[in-house]
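Work through the following exercises with the sequence and the model at hand, and try each task before reading its solution.

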Amino acid sequence: QNNSVLKLFKGKKQDFSLENSNTPVNFDKIFTNINSSSLYALDAKKSRIIQYNKTDGTIIKQYFNESLANGTSLSVDEINKLAYITTSSELISISIQ
């Protein structure tokens, strides 16, 4: 909400903030799950995915790919180290190693 991420535990807000990037991040889509060690943000405006540490909010890595500019959704397979991004016309997969 409003380009920020809230961390909740048992319905209560927890202290949490994400590390700032050198260029501001626009959170178009966010992906994580209970088994994931990371939180992933799709910033379509800047054609990138930002990988954050889910525990402390630090940036682990950023992945740039021109085709991400048209991304509308994001899913990540950490086991196979792939990110899947849909656009209005295709499904894109990129390596996140």
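**Exercise 1: a loop threonine**

In this predicted model, Thr 87 is found in the loop between strand 8 (82-86) and strand 9 (91-95). Decide whether Thr 87 counts as buried or exposed, and list what it is in contact with beyond its neighbours within four places in sequence.

Solution. Begin with the relative accessibility of Thr 87, which is 11%. Since buried means under 20%, Thr 87 counts as buried. Then set aside the neighbours within four places in sequence, which leaves Ser 67, Asn 70, Gly 71, Thr 72 and Ile 92 in contact with Thr 87.

**Exercise 2: a loop serine**

Locate Ser 21, and state which side chain its own side chain meets in a polar contact.

Solution. Ser 21 belongs to the loop that lies between strand 2 (12-14) and strand 3 (29-31), and, with a relative accessible area of 15%, it is buried. The side chain of Ser 21 makes a polar contact with the side chain of Arg 48 at 3.2 Å, and it also reaches the backbone oxygen of Thr 23 at 3.1 Å. Not counting residues up to four places away in sequence, Ser 21 touches Arg 48, Ile 59 and Gln 62.

**Exercise 3: the nonpolar cores**

Which residues of the largest nonpolar core touch the most other members?

Solution. Of its 13 residues, these are Tyr 40, Ile 49, Leu 74, Val 76, Ala 83, Ile 85 and Ile 94. At least two residues of this core come from each of strand 4 (38-43), strand 7 (73-77), strand 8 and strand 9. A second, separate core has 9 residues, among them Phe 16, Phe 27, Ala 41 and Ile 50.

Technical notes:
Residues numbered from 1 in each chain as written. Predicted model: local features only at pLDDT ≥ 70, side-chain atom pairs only at ≥ 80, totals over all residues. Heavy atoms only, no water. Helix = DSSP H or I, 4+ residues; strand = E, 2+ residues; numbered from the N terminus. Buried < 20%, exposed > 50% of the residue type's maximum accessible area, 1.4 Å probe, protein only. Contact = heavy atoms within 4.5 Å. Polar contact = N/O pair within 3.5 Å; in protein donor to acceptor, adjacent residues only side chain to side chain. Core = buried A, V, L, I, M, F, W, Y, C linked by side-chain atoms within 4.5 Å.
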